[in-house]
Amino acid sequence: QAMSFFEELKRRNVFKVAAAYVIVGWLIMQAGEVMAPALNLPGWINSMLAFFLILGFPLAMFFAWAFELTPDGLKKEKDVERSQSIAHVTGEKLNYTIIVLLVLTLGYFAWDKFRAQPQGADVSSSVASDTAETAGEEYPTIAVLPFVNMSEDASNEYFSDGLTEELLNILARIKELRVVGRTSSFAFKGKDEDLRIIGKKLNVRFILEGSVRKDDKRNRVRITVQLINVNDGFHMWSETYDRELEDIFAIQDEIAREVAQALRITLLGEDEARLEQVASTQINVYDLYLQALQGLNDGAYVSLNKAVEQFRQVLALDPGFTPARLGLVTAWNSLAETGAITRQGALSQGMPLLETVLAEQPDNSAARIQKALLHVYAEDNEAARNAFTAALEDDPRNARGLQEFGRFLFDHGQVPRGMELINAAIAIEPYDVRVL
């Protein structure tokens with residue numbers, strides 16, 4: 001009897017309908033994974049699609065068992081005379097359908113494998129390995145919110161903002177820490193919003209916030225910082241630093257190390273090396289540098305030109321201060337992007353500075369990214385590609401590098417791979433309009 005039931009399932013093409021349904025359902029899910037991001041649909045769309053496909057499977061089996069397709073249309077199986085049944089003809093058509101679907105499936109696998117293969121040295125292997133490490137081990141995620149300016153002089157806000165950005169960049173040097181980018185963190189500046197909500201919006205578990213009181217008369221600075229777990233809103237660590245202004249670089253280093261310790265991160269040898277590479281200078285030079293940094297981040301024509309002059313003043317006082325050299329090239333690049341100066345002007349002025357920086361610091365990823373952009377201006381695509389790749393091998397979570405290299409690949413016809421890097425930049429800078 002069991003055998004006859006099995007034979008009846010075969011005769012009614014239930015198994016073939018099941019096979020065709022599974023293959024079609026799988027192809028629909030693959031199409032959904034591609035189309036949903038392209039149409040900017042929420043992530044739950046694919047979950048709902050899978051739910052309805054699973055729900056539809058038993059219904060498809062029921063209809064395959066209870067109904068038969070005849071020359072007169074769909075009829076109940078019990079109403080079809082066995083001698084009039086064309087189930088065997090339908091079965092043959094299903095065979096051809098399944099073969100076509102399998103060919104499509106194999107074609108998709110071949111295309112997907114080809115798309116995933118790196119072509120030459122375009123995509124950094126470090127980006128892929130960094131993603132794999134993140135998938136295999138959940139690293140702590142943190143956002144550094146803009147420190148509040150508590151100085152008597154409201155114009156000192158450039159100092160608290162600049163200090164926040166510099167600290168954020170230092171924390172980003174720690175390999176086992178995932179830091180949200182500057183633009184996205186500063187999107188919440190001055191907003192009286194629950195830290196747990198901000199943490200959810202930025203997709204981080206921890207938030208570092210604080211305040212800065214700069215006393216120019218006494219040449220002192222007081223920095224208060226606190227590390228908060230956004231899951232419960234509790235403070236994990238807090239500290240107040242009341243020091244001479246000249247100690248600002250030591251304070252930043254101490255904060256970074258205390259945060260790592262509070263998050264139970266063991267600083268590796270490469271982390272120590274990166275932290276030791278943080279540039280320092282005289283406090284009056286650093287103060288001027290932070291003013292220039294504010295103009296660079298404002299991004300307006302007037303502020304960018306002012307930033308150029310201030311960066312030049314910094315370098316006149318300290319020619320070896322690398323952050324100012326890179327800031328000056330970045331300002332020129334920003335002006336060139338808007339047409340305020342020519343690309344050739346940015347290229348001719350910026351390339352010598354970058355060559356000097358890279359001669360001293362061959363692994364400086366920020367310098368490599370700026371150099372790649374200048375190569376783009378010079379239409380030297382191979383040099384640009386190599387510079388981007390080298391930068392991301394050393395710093396695979398550099399949002400600017402991911403964004404610009406992704407755009408470069410996109411513009412040169414490598415759309416899926418370009419979008420992969422741009423999406424990686426979005427994960428770091430979810431509120432950066434340029435990346436979006």
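Contact here means heavy atoms within 4.5 Å. This is a predicted model: local features need pLDDT of at least 70, side-chain atom pairs count only at pLDDT 80 or more, and totals for chains, interfaces and linings use all residues. Residues are numbered from 1 along each chain as its sequence is written, and side-chain values use heavy atoms, with hydrogens and water left out. The chain holds 18 helices and 8 strands. Both are DSSP runs numbered from the N terminus: helices are H or I with at least four residues, strands are E with at least two.

**Whole chain**

- Of the 436 residues, 45% are buried. Buried means under 20% relative accessible area, exposed means over 50%, and partly exposed lies in between (1.4 Å probe, protein chains only).
- Take the contacts between residues at least 6 apart in sequence: 61% join residues at least 24 apart.
- Accessible surface totals about 23,300 Å², and carbon and sulfur atoms account for 56% of that. Areas come from the Shrake-Rupley method with a 1.4 Å probe; for residues, only the protein chains shown count as cover.

**Helix α15**

- Helix α15 spans residues 365-377 and has 13 residues. Its first and last C-alpha atoms are 19 Å apart, close to the expected 18 Å (1.5 Å times one less than the number of residues).
- Of those 13 residues, 11 are buried, so α15 is largely enclosed by the rest of the structure. Among them are R368, Q370, K371 and H375.
- The cover over these buried residues includes α13 (322-337), α14 (343-360), α16 (381-394) and α17 (399-411).
- N364 caps the N-terminal end: a side-chain oxygen lies 3.2 Å from the backbone nitrogen of A366.
- Just after α15, E379 has a positive phi of about 60°.

**Around S151**

- S151 sits in the loop between β4 (148-149) and α6 (157-171). It counts as buried, at 11% relative accessibility.
- The S151 side chain makes a polar contact of 3.0 Å with the side chain of N149. Such a contact is a pair of N or O atoms within 3.5 Å; within protein, one must be able to donate a hydrogen and the other to accept it, and residues adjacent in sequence count only if both atoms are side-chain atoms.
- A polar atom of the S151 side chain also lies 2.8 Å from the backbone nitrogen of K214.
- Beyond four places in sequence, S151 contacts N156, V212, R213 and K214.

**Salt bridges**

- The whole structure has 24 salt bridges. Each needs a side-chain nitrogen of Lys or Arg within 4 Å of a carboxyl oxygen of Asp or Glu.
- R220 pairs with D242, with the closest N and O atoms 3.3 Å apart. R220 is in strand β7 and D242 in strand β8 (residues 234-244), so the pair ties together parts 22 residues apart in sequence.
- D242 is partly exposed, at 35% relative accessibility.
- R220 also touches R213, K214 and R243, among others. The C-alpha atoms of R220 and R243 are 5.7 Å apart.
- E193 and K201 form a salt bridge of 2.7 Å, N to O. E193 is partly exposed at 24%, and K201 is partly exposed at 39%.
- R407 and E404 form a salt bridge of 2.8 Å, N to O. They are 3 residues apart in helix α17, about one helical turn.
- E404 is buried at 2% relative accessibility, while R407 is partly exposed at 41%. Salt bridges with shared partners join E337, R400, E404, R407 and R434 into one network.
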